[in-house]
Amino acid sequence: MLSALIVEVENGNFSSLSLCISHYFPDIQINACASCLDEASNLIKTTQPDLVFFDTVLLEGMEPGALHRLTGCPFEWIFISTARNKALDAFQHAAAGFVLRPVQVKDLLIAVNNVKKRIADKRENQHNGQLPRKIDSTSMVRQEIIGIPTMEGFEFLPVQEIIRCEALQKCTRVFTEARKEVFSSYNLGEFRKQLTAWGFFSPHKSHLINLRHVRKYHREGSIIMVDGSYVPVAKRKKGEFLNQVNHL
């Protein structure tokens, strides 16, 4: 049984969402509802939920990981919103899912099932003796799967399985260890902002690479990744790149 909390501005939405969750997920128990951040923070501390359904309206001005730091509880969360462009907030906050309102059952099923998998993986790691790390806005995301916005919804991938990202007009093509390509509806700039702190480097304005997946560097200005792909290095980026790899 998973425990959950609903955090929404409109109290009228509590019952409909609760009923939907109860009907399709009898193994999820809604322990409480909150309508503001202070109330949510206190309820999270006292109830220690596994999952929080969170209204994106309340994210204004909140830094990634802020609510986890306030509560000290390593919960998973699903963002609920009336605006599709708020999916970027879910991406930045490492949410387990993003569901548009009015809530469609199929979208809710995808998001909740992903949460269940993440929680099951976390519990298995703990059972195998892997101690959880202190939760903060950086380490939390490094350990977890990242949600990549696509035209259909989200593609969830472990960050370190991403080999590189390449700009494709206003979108981004993501290459993974499994030789799977994911086409994201967000531009490379958004990926650069989010992934640079996790060991990614931009050697060229159209490319972002995972430094852990670099195989070779050619002095004429190209990088060969583990999947055999070539990535150009801008002249002004050569020194910075060599300095980065010297510290790996």
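In this predicted model, arginine 173 and glutamate 166 are joined through their side chains by a salt bridge, with an N to O distance of 3.7 Å. The contact falls within the 4 Å limit applied to a side-chain nitrogen of Lys or Arg and a carboxyl oxygen of Asp or Glu, and therefore counts as a salt bridge. The two partners fall into separate accessibility classes: arginine 173 has a relative accessible area of 22% and is partly exposed, whereas glutamate 166, at 18%, is buried. The boundary between these classes is 20% relative accessible area, since buried means under that value. Both residues also belong to a network of salt bridges that links Arg164, Glu166, Arg173 and Glu181.

Over the whole structure, a search finds seven salt bridges. One of them connects the side chains of aspartate 27 and lysine 116, with 2.9 Å from N to O. Aspartate 27 is situated in the loop between helix 1 (12-24) and strand 2 (28-34), and lysine 116 in helix 5 (residues 105-127), so this pair ties together parts that are 89 residues apart in sequence. Aspartate 27 is partly exposed, its relative accessibility being 31%. Lysine 116 is likewise classed as partly exposed, with a value of 26%.

A further salt bridge is found between lysine 193 and glutamate 190, whose closest N and O atoms are 3.3 Å apart. Here both residues lie in helix 7 (residues 188-195); because they are three residues apart in that helix, about one helical turn separates them. Their accessibilities stand in contrast: lysine 193 is exposed, with a relative accessible area of 56%, while glutamate 190 is buried, with a relative accessible area of 14%.

Between valine 245 and phenylalanine 201 the C-alpha to C-alpha distance is 9.9 Å, although 44 residues separate the two in sequence.

Note on methods: Residues numbered from 1 in each chain as written. Predicted model: local features only at pLDDT ≥ 70, side-chain atom pairs only at ≥ 80, totals over all residues. Heavy atoms only, no water. Helix = DSSP H or I, 4+ residues; strand = E, 2+ residues; numbered from the N terminus. Buried < 20%, exposed > 50% of the residue type's maximum accessible area, 1.4 Å probe, protein only.
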